[in-house]
Amino acid sequence: MSFFKNVEQVPGDPILGLTDAFRADPRPTKVNLGVGIYYDEEGRIPVMGAVQQVERALAERSPARGYLPIDGMPDYRTATRELLFGADSPVISEGRASTSQTIGGSGALRAGAELLRHALPFARIAISTPSWENHRAVFPAAGFEVIDYTYFDDAAHGLDFDGMLADLGKLEAGTVVLLHACCHNPTGADLTANQWDQVIALMHERNLVPFVDMAYQGFDQGIDEDAIAIRKLAASPIRNFLVANSFSKSFSLYGERVGALTVVSDSAEESGRVQSQVKRLIRANYSSPSFHGAALVAGVLNDGGLRRQWEDELGGWRTRIHALREGLVERLAAHGATGFDFIRHQAGMFSYSGLSRAQVDRLREEFGIYAVGTGRICVAGLNRENLDYVAEAIAKVA
């Protein structure tokens with residue numbers, strides 16, 4: 001008799017399954033617009049020049065690879081805090097922000113979720129509708145009841161800010177609210193600076209707990225500009241909030257799983273106690289994080305010249321994504337598909353294209369163009385060679 005005879009089959013991940021289907025497709029014209037990875041003009045995952053320099057230096061030094069501290073590489077943690085809040089942030093100088101290196105951004109979300117379950121055992125978490133699929137997997141796995149708040153207006157192809165405020169205004173005190181700092185996944189619809197002010201004021205008034213997910217810093221307007229939500233929270237009367245961030249996209253280090261959880265506390269003393277709990281949770285999970293990816297990020301961020309080179313390279317990617325959005329809208333119009341101008345105004349790698357599931361299915365079956373069933377497309381999967389082909393196909397199914 002098998003002890004696992006009653007274990008149920010779990011459906012595969014919809015996005016990763018899409019990639020498997022794409023790989024099996026023999027058509028030479030196929031295009032993958034499903035997975036959230038930045039590809040260059042040749043359809044390759046780029047390796048940053050600044051990262052390559054650090055990697056060569058590491059290879060020459062060949063440092064010992066002993067266990068890192070439970071909360072990660074100190075230089076990495078310091079650099080991450082400064083990237084999020086700014087080097088001169090009072091939150092840092094007052095010792096209120098504690099950062100832990102994690103196994104990617106998902107690991108940061110899970111560590112933060114477990115910390116919050118310990119501190120707020122009866123709290124629920126509110127997640128935007130829609131949101132990244134893994135948000136709805138991580139938090140229930142940590143024991144949270146997930147509730148929704150309004151975010152996107154399908155008809156207007158943009159943010160439903162009034163609906164968002166109305167839903168947040170109904171939440172019970174102590175509810176955790178998951179917020180996307182920038183480049184909202186999957187919609188590409190972001191809050192303005194003024195809207196962030198209103199959301200933060202409402203969360204303070206309602207005594208809600210912000211948990212910010214920052215996976216795309218630098219992919220919309222710039223490093224500092226994309227951190228506006230975090231900087232405004234740090235300057236607000238709200239004394240406690242969490243930030244999960246990832247360097248997968250901004251450093252093109254997807255497989256290195258380099259992320260961090262930063263918790264802002266009321267005081268340096270409280271921060272020390274909170275960090276002790278985070279370390280306890282990490283120790284019971286994966287014990288300590290890995291060396292290589294953190295060494296690459298820290299090596300770039302802590303060297304002035306390499307930091308500038310990295311920002312320039314990331315800026316080139318950002319500019320290219322904006323150009324791809326413009327190009328897609330122009331080519332769609334050239335093929336007779338109007339009404340897609342909203343794509344110009346979305347932020348980051350993703351676009352909620354407005355395509356229905358039936359239209360997405362036709363794109364895959366008839367043209368070998370793979371997108372998520374919700375109509376979300378990854379703009380970074382486009383290039384000069386496939387842009388017109390994709391636009392023509394969308395025009396035929398729209």
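A97 stands opposite V264 in β10. The partner strands here are β2 and β10, which run antiparallel and are joined by seven bridges. Two strands count as paired if DSSP finds at least two bridges between them. Strands (E, at least two residues) and helices (H or I, at least four) are DSSP runs, numbered from the N terminus. The model is predicted, so local features need pLDDT of at least 70 and side-chain atom pairs count only at pLDDT 80 or more, while totals for chains, interfaces and linings use all residues. Residues are numbered from 1 along each chain as its sequence is written, and side-chain values use heavy atoms, with hydrogens and water left out.

The strands β2 and β10 belong to an open sheet of seven strands. The order is β2-β10-β9-β8-β7-β3-β4, and the pairing is mixed. At the edges stand β2 (97-103) and β4 (146-150). Each has a single partner strand, so one side of each is left without a neighbour in the sheet. On average, neighbouring strands are turned by 25 degrees against each other, direction ignored. Helix α11 (residues 268-285) packs on the sheet and touches β2 and β10. The direction of α11 makes about 10 degrees with that of β2. For such angles, axes are lines fitted to C-alpha atoms, for helices over the stretch in contact, and values run from 0 to 180 degrees between N-to-C directions.

Although β2 is an edge strand, six of its seven residues are buried, so β2 is largely enclosed by the rest of the structure. Buried means under 20% relative accessible area, exposed means over 50%, and partly exposed lies in between (1.4 Å probe, protein chains only). Further along the sheet, β9 pairs with β10 (residues 258-264) in the antiparallel sense over six bridges. In that pair, L261 of β10 is the bridge partner of A244.

Strand β8 is also enclosed. Six of its six residues are buried, so β8 is largely enclosed by the rest of the structure. V209, F211 and D213 point one way from the strand. P210, V212 and M214 point the other way. Strand β7 (residues 176-180) runs parallel to β8, and five bridges join the two. Within this pair, L179 stands opposite V212.

T175 lies in the loop between α7 (161-168) and β7. At 3% relative accessibility, T175 counts as buried. Its contacts are R124, A126, I147, L208 and V209, leaving aside residues up to four places away in sequence. Contact means heavy atoms within 4.5 Å.

Helix α10 (residues 228-235) has four named buried positions: A229, I230, L233 and A234. Seen down the axis of α10, these residues fall within an arc of 135 degrees, so they line one face of the helix. The arc is that of the directions from the helix axis to the C-beta atoms. An α-helix has 3.6 residues a turn, so residues three or four places apart point the same way. The buried residues of α10 pack against α3 (74-85), α4 (90-93), α8 (193-206), β8 (209-214) and β9 (241-246).

The largest pocket has a volume of about 660 Å³. Of the 30 residues that line this pocket, S106, W132, N185, Y216 and K249 are the closest to its centre. The elements that give two or more residues to the lining are α1 (14-24), α5 (104-119) and α6 (135-141). On a 1 Å grid over the protein atoms alone, a pocket is an open set of points with protein on both sides within 12 Å along at least five of seven lines, where a 1.4 Å probe fits; lining residues have an atom within 4 Å of a point. Grid points are joined across faces, edges and corners, and the volume is the space filled by probe spheres set on the points.

A cis peptide bond, with omega about 25 degrees, joins N185 and P186. P186 lies in the loop between β7 and α8. The bond from T129 to P130 is cis, with omega near 0 degrees. P130 is in the loop between β3 (125-129) and α6.

H157 is not a glycine, yet its phi is positive, near 55 degrees. H157 sits in the loop between β5 (152-153) and β6 (158-159). H157 is partly exposed, with a relative accessible area of 25%. S287, also not a glycine, has a positive phi of about 75 degrees. S287 is found in the loop between α11 and α12 (292-301).
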